[in-house]
Amino acid sequence: MSGFGNAFSSSIGKKFIMGITGLFLILFLIVHCGINALIFLDDDGLKFNIGAHFMATNWIIRAGEYVLFISLLVHIFQALRLTLQNQKARPVKYAVNDGQANSKWYSRSMGLLGTLLLIFLVVHLKDFWVVSRFTGIPTIDANGNENLYGVMKEKFQDPVRVAVYILAMVSLCYHLLHGFASAFQTMGWNHSKYNGIIKNVGVWYSIIISLLFAAMPIAVYAGLIK
Amino acid sequence: MSTGNMNLTLKVWRQKNNKTKGALVDYKLADISPDMSFLEMFDVLNEQLINKGEEPVVFDHDCREGICGMCSMFINGRPHGPKDLVTTCQLHMRSFKDGDTIVVEPWRAAAFPVVKDLTVDRSAFDRVIAAGGFISVNTGNAQDANNLPIPKMQADAAFEAAACIGCGACVATCKNASAMLFVSAKISQLALLPQGQPERYRRVQSMVAQMDAEGFGNCTNTGACEAECPKGISLENIARMNRDFASAKFISEETV
């Protein structure tokens, strides 16, 4: 008989799941952002297409894709469950509640920011993932690789889409600003010698990742890169 | 800050009992001394209400010197009012201005049902403590203190956790009505000391299970509890509890 009991169903256990999946998604963003940043090499997307081809064909990456989608779904459903429970924990709301006196607005708005990101994800997956996995990338580049960069160039001619992507990256930045350090706190990784490092790395990570991602549609739309 | 006496408008939550709905009721108060405590201001209001033949406002209070944890008012959107590190009884009217409107509500949480007006039932906290917030020792003579050397840092951290007066401001201010700061302080004050070790992993599991059973919300690390705690209980305690909980569930071979 397993002795794990309510390890994952208790309030703290549910938070462990949020933290673990969140940290995995944070690691994923580094890989995603790193490969996408190859477009800034200004080589008409040749290196980027090599990266994209590797990500699409390597079996470890493909297996990791399943882990990624599972993490994402678990993160979303667990957040929904926790939010519903939290709402039940305060059935009568305060007439006056001065939240900004004691906490950051984005810490209190993770659900809203997450929902915005989820809406963005639907758009984003339709724009690129569905094309590369199912409907097919229409052109090939000079190396003979599928030209995902070409798809990117085409999609980001639309200023509305560019605006949606930028707004989503603002949401992402604030979501990460809370989520990064929060995941460490939830896992119990709080230590006076490392707290400052965790906090600073979290802030820089959130800003750099979001800025780099936001720079991609802007650079393509403005024709700053070939 | 006011120097002369003040005229105030109070919006106070009045609720007959847990079965009925409550509402904010307006009261005008004149000539309030800035040197009064917030509770003394309520005493003035209640005397006026009694003289008019109305029901006085029911609120919790006991020591009125900031150490018992009984007073519990949510003032202008913050537990224990606008000042840091004070309880409602230690809040003085000089922290408000002449002509201010002050909204006073009870702690709001499913686990803290309203008894009447501003008084809520906080016995959920007692049941969390009863689930494991103690050490089991045989009675007898106290041991020589030098038998149990405790590093100074450890002793200080335990003492800081033990400063929790169990007022429930953490639950009241948390957007999720989570009791993590209270429970973690009560776990930490024992987990940090040698006397707390034998039951350390049993305790964290029992107390967290009771906390969940009482219907408190889940922590989302907003830090509001730490910011509003009148005793400055640190979020480190929550991390320690989470760590102990993980150790208990995944490493300890003892099951509860």
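View 1. An unreviewed UniProt entry lists residues 16-39, 59-84, 105-125, 162-181 and 202-224 of chain A under "transmembrane region". The structure shown here is a predicted model.

**View 2. Residues 16-39 and 202-224 of chain A.** In residues 16-39 of chain A, 88% of the span is helix and 0% is strand, and the end C-alpha atoms lie 36 Å apart. For residues 202-224 of chain A, the end C-alpha atoms are separated by 29 Å. This second span is 87% helix and 0% strand.

**View 3. Contact between chain A and chain B.** Chain A contributes 37 residues to the contact and chain B contributes 41. On the side of chain A that touches chain B, at least two residues come from each of α1 (11-36), α3 (59-88), α4 (105-108) and α7 (159-186) of chain A. The most is given by α1(A), with five residues. By class, this side of chain A comprises 14 nonpolar, 17 polar and six charged residues.

**View 4. The two domains of chain B.** Domain 1 of chain B covers 6-115, and domain 2 of chain B covers 122-250. Taken over C-alpha atoms, the centres of domain 1 and domain 2 of chain B are 29 Å apart.

**View 5. Contact between domain 1 and domain 2 of chain B.** This contact takes 18 residues from domain 1 of chain B and 17 residues from domain 2 of chain B. Eleven nonpolar, five polar and two charged residues make up the side of domain 1 of chain B that touches domain 2 of chain B.

Definitions and conventions
Residues are numbered from 1 along each chain as its sequence is written. Chains are lettered from A and ligands numbered from 1 in the order in which they are written. This is a predicted model: local features need pLDDT of at least 70, side-chain atom pairs count only at pLDDT 80 or more; totals for chains, interfaces and linings use all residues. UniProt positions are given in the numbering used here, feature names are shortened, and annotations may be inferred rather than shown by experiment. Helices (H or I, at least four residues) and strands (E, at least two) are DSSP runs, numbered from the N terminus. Domain bounds come from an automatic or database domain assignment. Two residues are in contact if their C-beta atoms, placed from the backbone, lie within 7 Å. Ala, Val, Leu, Ile, Met, Phe, Trp, Tyr, Cys and Pro count as nonpolar, Asp, Glu, Lys and Arg as charged, and the others, Gly among them, as polar.
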